Amino acid sequence: MSAIIVQGTSSDMQVASPQEIFDRRRRCAMRERGAHRKGAGHFLWELLADDLIDRLNCTTRQFDRALILGPLAGQAEETWGGKAADLVSLPFAEEDRLGIDSGSFDLVIAAGTLDSVNDLPGALVQIRRALRPDGLFLGAMFGAGTLASLKRAMMIADGDRTSAHVHPQIELRTAADLLARAGFALQVADKVETNVHYGDWRTLIADLRDAGIGNSLAGPKPYLGSSYPARLDAAWATLRNANGKVRERFEFLHLSGWAPSPDQPKPAARGSGKVSLTSVFEKTGKNLRP
């Protein structure tokens with residue numbers, strides 16, 4: 001697991017309304033469809049829930065009122081029942097249009113959908129405002145390394161007429177920067193990767209649909225032609241390993257931050273250390289340079 005820890009806070013930023021990248025109706029329809037399917041695709045949310053519970057258990061704080069956003073909200077009581085006295089579940093909320101009163105919660109968990117929000121910086125600002133001082137935000141979304149094999153196979157199958165089949169996702173450092181811009185204190189961003197092996201791309205697509213994931217980009221979808229499945233079969237075959245499987249990667253970016261509070265611990269000022277790292281390495285006989 002790799003991690004980025006960002007120190008410091010920032011004040012509210014005026015974020016201009018961006019162009020709508022995602023179709024809001026299509027995005028909601030896919031999430032509702034996934035909520036009613038009972039296939040193996042939900043293993044993604046089970047993995048994500050287990051990871052978030054582990055992270056939540058690392059804090060000794062007791063939470064009074066929690067807000068759960070995204071697909072994990074559908075299992076709020078069984079998953080989060082012991083984590084807060086009062087739970088509010090919004091499985092199909094638009095995170096950049098929450099409209100929640102400031103200071104309504106001391107815990108907000110948003111997992112599984114932040115990568116397809118039209119205004120992600122604005123969504124994070126709204127989540128931070130919804131928190132009480134010293135309230136905790138835990139978020140998770142798909143990162144840029146997700147579905148690398150499917151993207152490669154579709155690019156091969158497209159030939160000279162490439163189309164956007166999977167929406168773009170952000171990198172870890174960008175996610176960390178957005179936490180700071182949104183005004184969170186004690187921000188941490190890290191990523192966890194899970195590899196799944198598939199014999200057929202159709203099984204992968206079914207898993208994505210079961211999880212309510214798909215292409216929710218705005219605008220008309222291009223017609224791929226009746227021969228596209230056969231071309232994708234051929235492209236998929238070029239990626240198979242010796243066991244006839246293709247390794248697909250799911251990359252989760254985990255975000256955490258606290259609503260600012262006067263009694264929070266503050267990072268030490270830059271340059272305030274009393275021991276030189278250079279002198280430590282000199283005493284141990286190690287060289288700072290390669």
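Visitor: Leaving aside its neighbours within four places in sequence, which residues is Arg24 in contact with?
Guide: This is a predicted model, and in it Arg24 touches Glu94, Asp96, Arg97 and Asn118, with neighbours within four places in sequence left out.

Visitor: And which side chain does the side chain of Arg24 make a polar contact with?
Guide: That of Glu20, at 2.8 Å.

Visitor: Is Arg24 buried or exposed?
Guide: Buried: its relative accessibility is 18%, and the cut-off for buried is under 20%, so Arg24 counts.

Visitor: OK, which helix is Arg24 found in?
Guide: Arg24 belongs to helix α1. That helix covers residues 24–36, 13 residues in total.

Visitor: What should α1 span at 1.5 Å a residue?
Guide: It should span 18 Å, and its end C-alpha atoms are 19 Å apart, which agrees.

Visitor: Which residues of α1 are buried?
Guide: Arg24, Arg27, Met30, Arg31 and Gly34. They sit on the same side of α1, because the arc they cover around the axis is only 135°.

Visitor: What do the buried residues of α1 pack against?
Guide: Against α7, residues 201–210.

Visitor: Which residues are exposed on the other side of α1?
Guide: Arg25 and His36 are exposed there. Arg25 also comes up at the start of α1, where a side-chain oxygen of Asp23 reaches to within 3.0 Å of the Arg25 backbone nitrogen.

Visitor: Switching topic: how many aromatic pairs does the structure hold?
Guide: Four. One of them is Trp45 with Phe142, a tilted pair with 6.0 Å centre to centre and 50° between the planes.

Visitor: Where do Trp45 and Phe142 lie?
Guide: Trp45 is in helix α2 (residues 43–57) and Phe142 is in strand β5 (residues 131–142), so the pair ties together parts that are 97 residues apart in sequence.

Visitor: Trp45, buried or exposed?
Guide: Trp45 counts as buried, at 3% relative accessibility. Phe142 is buried as well, with a relative accessible area of 3%.

Visitor: Which residues form one aromatic cluster with Trp45?
Guide: Phe142 and Phe252 form that cluster with Trp45.

Technical notes: Residues numbered from 1 in each chain as written. Predicted model: local features only at pLDDT ≥ 70, side-chain atom pairs only at ≥ 80, totals over all residues. Heavy atoms only, no water. Helix = DSSP H or I, 4+ residues; strand = E, 2+ residues; numbered from the N terminus. Expected span 1.5 Å × (residues − 1). Buried < 20%, exposed > 50% of the residue type's maximum accessible area, 1.4 Å probe, protein only. Arc of directions from axis to C-beta. Contact = heavy atoms within 4.5 Å. Polar contact = N/O pair within 3.5 Å; in protein donor to acceptor, adjacent residues only side chain to side chain. Phe/Tyr/Trp six-rings, centres within 6.5 Å; stacked < 30°, edge-to-face > 60°.
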